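Hi everyone, thanks for making time this morning. Let's bring the model up on the screen and walk through a few spots together.

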Amino acid sequence: MTTLADRPNTALLVIDVQKGVVAGAPGRDGVIANIDTLIGKARAAGVPVVWVQHSDEELKEGSEDWEYVPELVRGDTEPLIAKNYTDSFEDTDLEAVLAARKVGRLVVTGAQTDACIRSTLHGAIVRGYDATLVADAHTTEDLTRYGAPAPEQVIAHTNLYWKWHHAPGRQGGTLDTAEVTF
């Protein structure tokens, strides 16, 4: 259904599952296990797995916190997108990587729900992609000290509103890990 012509393929995005990003996140181990399951499904189906890795003033490139969690291992041929903004498309080569693989549909996982996940989902839809959020394969940190809702509420709300998200010729939606097929 994507509005991107001649882009029938799907890719799995693994966004910012870095040590310093998911440390202490609710459901961390279950989310990582679900992402690992999805990586296995994607690889078995020959679907590209695209990794995204954030860096900024607080998450310094090359630091231990910047590293991906050890439970998830990127394959040698799987693209790694370095980013500095919440939208994984912004000032990166993600679009070129997806275009080269004729990808028009994204399956989105990772962290943080209320920042990089939401921004990338919206960035994908705006750019013409279909974007499915895996409801049990994303998480966020506790930002209640800044007035934000509890992380579980942020995750639930994001799943709720993305479930019915769509735009002309583009489709959002959510699925649980067990429901995802490639």
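**Aromatic pairs and a buried strand**

Let me start with W162, which is buried, at a relative accessible area of 0%. Buried here means under 20% relative accessible area, exposed means over 50%, and partly exposed is in between, with a 1.4 Å probe and protein chains only. A word on the source: this is a predicted model, where local features need pLDDT of at least 70, side-chain atom pairs count only at pLDDT 80 or more, and totals for chains, interfaces and linings use all residues. Residues are numbered from 1 along each chain as its sequence is written, and side-chain values use heavy atoms, leaving out hydrogens and water.

How many aromatic pairs does the structure hold? There are 3, counting rings of Phe, Tyr and Trp (its six-membered ring) with centres within 6.5 Å; planes under 30 degrees apart are stacked, over 60 edge-to-face, and the rest tilted. One of them joins F89 and Y129: the ring centres are 5.4 Å apart and the planes sit at 40 degrees, so this pair is tilted. F89 is buried at 6%, and Y129 is buried at 0%. Y161 and W162 make an edge-to-face pair, 6.2 Å centre to centre with 75 degrees between the planes. Y161 is partly exposed, at 24%.

Strand 2 pairs in the parallel sense with strand 1 over 4 bridges; pairing takes at least two DSSP bridges. V14 stands opposite W51.

Technical notes:
Helix = DSSP H or I, 4+ residues; strand = E, 2+ residues; numbered from the N terminus.
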